[in-house]
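Please prepare a structural report on the protein shown below, with attention to its pocket, its aromatic contacts and selected residues.

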Amino acid sequence: MQQESTASSIACIALAGKKVLIAHRNPTGQMGGRWEFPGGKVEAGESETEAVVREFREEFGVEVTVGEKIAGTVFVHNGADVTLHAYRVFVPHDGLETPYVLTEHTGYRWACIDEVEGLSFVDSDLKLYPAVRQYMESLPDNA
């Protein structure tokens, strides 16, 4: 009998106009050195939105506001199913004039959504890409 996984992760979709925040992972570990939507694991006893706030605080040194859920998918990690949820995130600033403090990444940038497909992006986030792209295209120009 196959056991269902309860593992859950979040992807944070921070937007500035028609651009999305992407981060370059540290070179070590699985998927090291690849681009991603910021995020990570939902810890035991933590809600998805609490995980979004914690991950941004830990990885970028900023407090964010969590918006609506954009999409969800399932991927396999080390033989177990993991549910990945993408949330809209509102950052207090763009990290350009006052840089974000990075702990899990070597860099970040604001990218046009069309660029994502051409980058070495983590596999799980690529599964979210079509829904994130559709969401971004549906927003009014001033969102």
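The report covers the pocket, the aromatic pairs, the cysteines and a set of contacts along the chain.

## Basis

The coordinates are those of a predicted model.

## The largest pocket

The largest pocket has a volume of about 900 Å³. Its lining comprises 35 residues, and Ser-9, Arg-25, Gly-40, Lys-41 and His-77 are those that lie nearest the centre. By class, the lining residues of this pocket divide into 12 nonpolar, 12 polar and 11 charged.

Several elements contribute to the lining of the largest pocket. The strands β1 (8-16), β4 (39-41), β5 (65-77) and β6 (80-90) each supply at least two residues, as do the helices α1 (48-60) and α2 (123-138).

Lys-41, one of the residues nearest the pocket centre, belongs to strand β4. With a relative accessible area of 58%, Lys-41 lies over the 50% cut-off and therefore counts as exposed.

## Aromatic pairs and a charge over a ring

The structure holds five aromatic pairs. One of them joins Phe-60 and Tyr-100 in an edge-to-face arrangement, with 5.7 Å centre to centre and 85° between the planes. Because Phe-60 lies in helix α1 and Tyr-100 in the loop between β6 and β7 (105-112), this pair ties together parts that are 40 residues apart in sequence. Phe-60 counts as buried because its relative accessibility is 1%, under the 20% cut-off. Tyr-100, at 5% relative accessibility, also counts as buried.

Phe-60 forms an aromatic pair with Tyr-108 as well, edge-to-face, at 6.2 Å centre to centre and with 75° between the planes. This pair links distant parts of the chain, with Phe-60 in helix α1 and Tyr-108 in strand β7, 48 residues apart. The relative accessibility of Tyr-108 is 18%, so this residue counts as buried under the 20% cut-off.

Phe-60 and both of these tyrosines belong to one aromatic cluster, which is formed by Phe-56, Phe-60, Tyr-100 and Tyr-108.

A charged group is also placed at an aromatic ring: Arg-109 lies over the face of Trp-35, at 5.4 Å from the ring centre.

## Cysteines

How many disulfides does a search of the whole structure find? The search finds zero disulfides. Cys-12 has a relative accessible area of 1% and is buried. Cys-112, with a relative accessible area of 33%, is partly exposed.

## Contacts between residues apart in sequence

The following table sets out selected residue pairs by separation along the chain and by C-alpha distance.

| Pair | Separation in sequence | C-alpha to C-alpha distance |
|---|---|---|
| Phe-60 and Leu-102 | 42 residues | 5.0 Å |
| Lys-41 and Thr-83 | 42 residues | 9.8 Å |
| Ala-111 and Lys-18 | 93 residues | 8.5 Å |
| Arg-133 and Asp-114 | 19 residues | 8.1 Å |

The place of Arg-133 is in helix α2. Its relative accessible area of 24% falls between the cut-offs of 20% and 50%, so Arg-133 is partly exposed.

## Summary

In strand β4, Lys-41 is exposed, with a relative accessible area of 58%.

Notes. Residues are numbered from 1 along each chain as its sequence is written. This is a predicted model: local features need pLDDT of at least 70, side-chain atom pairs count only at pLDDT 80 or more; totals for chains, interfaces and linings use all residues. Side-chain values use heavy atoms; hydrogens and water are left out. On a 1 Å grid over the protein atoms alone, a cavity is a set of points where a 1.4 Å probe fits but cannot get out, and a pocket is an open set with protein on both sides within 12 Å along at least five of seven lines; lining residues have an atom within 4 Å of a point. Grid points are joined across faces, edges and corners, and a volume is the space filled by probe spheres set on the points. Helices (H or I, at least four residues) and strands (E, at least two) are DSSP runs, numbered from the N terminus. Ala, Val, Leu, Ile, Met, Phe, Trp, Tyr, Cys and Pro count as nonpolar, Asp, Glu, Lys and Arg as charged, and the others, Gly among them, as polar. Rings of Phe, Tyr and Trp (its six-membered ring) pair if their centres lie within 6.5 Å; planes under 30 degrees apart count as stacked, over 60 as edge-to-face and the rest as tilted. Buried means under 20% relative accessible area, exposed over 50%, partly exposed in between (1.4 Å probe, protein chains only). A charge sits over a ring if NZ of Lys or CZ of Arg is within 6 Å of the ring centre and within 35 degrees of the ring normal. A disulfide is a pair of cysteine sulfur atoms within 2.5 Å.
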